[in-house]
Amino acid sequence: MEITGLTKRYAKGQDRYAVRDLSFRVEQGQVLGLLGPNGAGKTTTLRMLMGLISPDAGEIRVFGHVVRPGAPVLSRVGAFVEGAGFLPHLSGRANLELYWQATGRPAEDAHLAEALEIAGLGDALERAVRTYSQGMRQRLAIAQAMLGLPDLLILDEPTNGLDPPQIREMRDVMIRYAAGGRTVIVSSHLLAEVEQSCTHLVVMDRGRLVQAGPVAEITGGGDTLLVTPAGGPVGATTLEKIAALEGVGSVAAADEGILVRLDGVTPAELIAELVRLEVPVAAVGPHRRLEDAFLTLIGGAA
Ligand SMILES: Nc1ncnc2c1ncn2[C@@H]1O[C@H](COP(=O)(O)OP(=O)(O)OP(=O)(O)O)[C@@H](O)[C@H]1O
């Protein structure tokens, strides 16, 4: 999927752009997280990508074909948007079957069983949708987006209304979905979730692209590590010993643990040295988590 110079204003003559000169690419097999504060233009971008509204300028190509309302390539795109409409008096299963019939495609192409397994609704699938909780409707809507196992799956805030175990499940669903060479684009406010389920990120603010790239690149999980000692903070002497190690740039004590800037030493070598120094290491990980990176990126705007 390739977006080039995408621009959208809801009211002509208004100088406020919902999306302005946005460009980025997504490759097959990636799970791309679309991040941005309220009003950044995420939903507007996804609606253009789904062919629901037309851009004022720029274009979106999916598998080389330009996306516009009614474009045939949209049959390869599945989408979940908030508030999917279901017929309340029909069962979850009947709703999905009807939806698929309306596409006019052969029943066996729906891969209903796979989509239903992902929804994980069990017996509730046979109950009227009006008896569903918000989370159940949400999962039915996600299953609906997966009907036909589309090559590109677009999910706008899929974890809204889900409980923590379901949020976790959603993460696995997205990773598994893309593992087979398909592509997922997901917008979310849950930074920790995005960090764990996405391979790539696009950060938007006020309609514009702020940054795009692999998650690790954006979170800057590179040269500073957070070492969490078991059993609370370590003494000043230990900090000095770590600082004196070859290939260690600097060491600082932080609330969450010890921040070690690497200057030549690899994380694996550092861990070996810490063990040799008898520092009781409980965990070692990249310091700059997505939340910090995100807040830094959108900085003043937030
Ligand atoms: N139908 C509409 N008519 C007029 N303006 C709109 C419409 N939809 C969105 N906007 C405006 O476009 C801008 C981008 O909105 P959009 O919903 O795309 O942002 P978002 O990143 O999805 O936000 P959120 O995280 O709050 O869902 C906002 O300023 C919003 O007020």
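Leaving aside neighbours within four places in sequence, which residues is Pro69 in contact with? The legends below refer to a predicted model, and the first of them answers this.

**View 1. Pro69 in the loop between β5 and β6.** Pro69 is in contact with Gly51, Leu52 and Ser54, once its neighbours within four places in sequence are left aside. Leu52 lies 17 residues from Pro69 along the chain, and the two C-alpha atoms are separated by 5.8 Å. Pro69 counts as exposed because it has 11 C-beta neighbours inside 10 Å, the limit for an exposed residue being 12 or fewer.

**View 2. The shell around the ligand.** Tyr10, Ala18, Gly36 and Asn38 surround the ligand together with Gly39, Ala40, Gly41, Lys42, Thr43 and Thr44. By class, the shell holds six polar residues, three nonpolar ones and one that is charged.

**View 3. Helix α5, residues 164–179.** The end C-alpha atoms of α5 are 23 Å apart, which agrees with the 22 Å that its 16 residues should span at 1.5 Å a residue. Buried positions in α5 are Met170, Val173, Met174, Tyr177 and Ala178. They cover an arc of only 115° around the axis and therefore sit on the same side of α5. An α-helix has 3.6 residues a turn, so residues three or four places apart point the same way. On the face turned away from this buried side, α5 carries the exposed residues Pro164, Pro165, Asp172, Arg176 and Ala179. Just after the helix, Gly181 takes a positive phi of about 95°.

**View 4. Packing partners of α5.** Met174, Tyr177 and Ala178, which are among the buried residues of α5, are touched by Val184.

**View 5. The largest nonpolar core and a separate one.** The largest nonpolar core has 63 residues, and Ile154 and Val184 are those with the most contacts inside it. Helix α4 (residues 134–146) supplies the largest share of this core, seven residues. Not counting residues up to four places away in sequence, Val184 touches Val31, Leu153 and Leu155 as well as Met174, Tyr177 and Ala178. Another core, of eight residues, lies apart from the largest one; among its members are Leu225, Val227, Val234 and Ile258.

Terms used: Residues are numbered from 1 along each chain as its sequence is written. This is a predicted model: local features need pLDDT of at least 70, side-chain atom pairs count only at pLDDT 80 or more; totals for chains, interfaces and linings use all residues. A residue is near a molecule or strand if its C-beta atom, placed from the backbone, lies within 6 Å of it. Ala, Val, Leu, Ile, Met, Phe, Trp, Tyr, Cys and Pro count as nonpolar, Asp, Glu, Lys and Arg as charged, and the others, Gly among them, as polar. Helices (H or I, at least four residues) and strands (E, at least two) are DSSP runs, numbered from the N terminus. The expected span of a helix is 1.5 Å times one less than its number of residues. A residue is buried if 20 or more other C-beta atoms lie within 10 Å of its own, exposed if 12 or fewer, and partly exposed in between; C-beta atoms are placed from the backbone. The arc is that of the directions from the helix axis to the C-beta atoms. Two residues are in contact if their C-beta atoms, placed from the backbone, lie within 7 Å. A nonpolar core is a set of buried Ala, Val, Leu, Ile, Met, Phe, Trp, Tyr and Cys residues joined through C-beta atoms within 7 Å.
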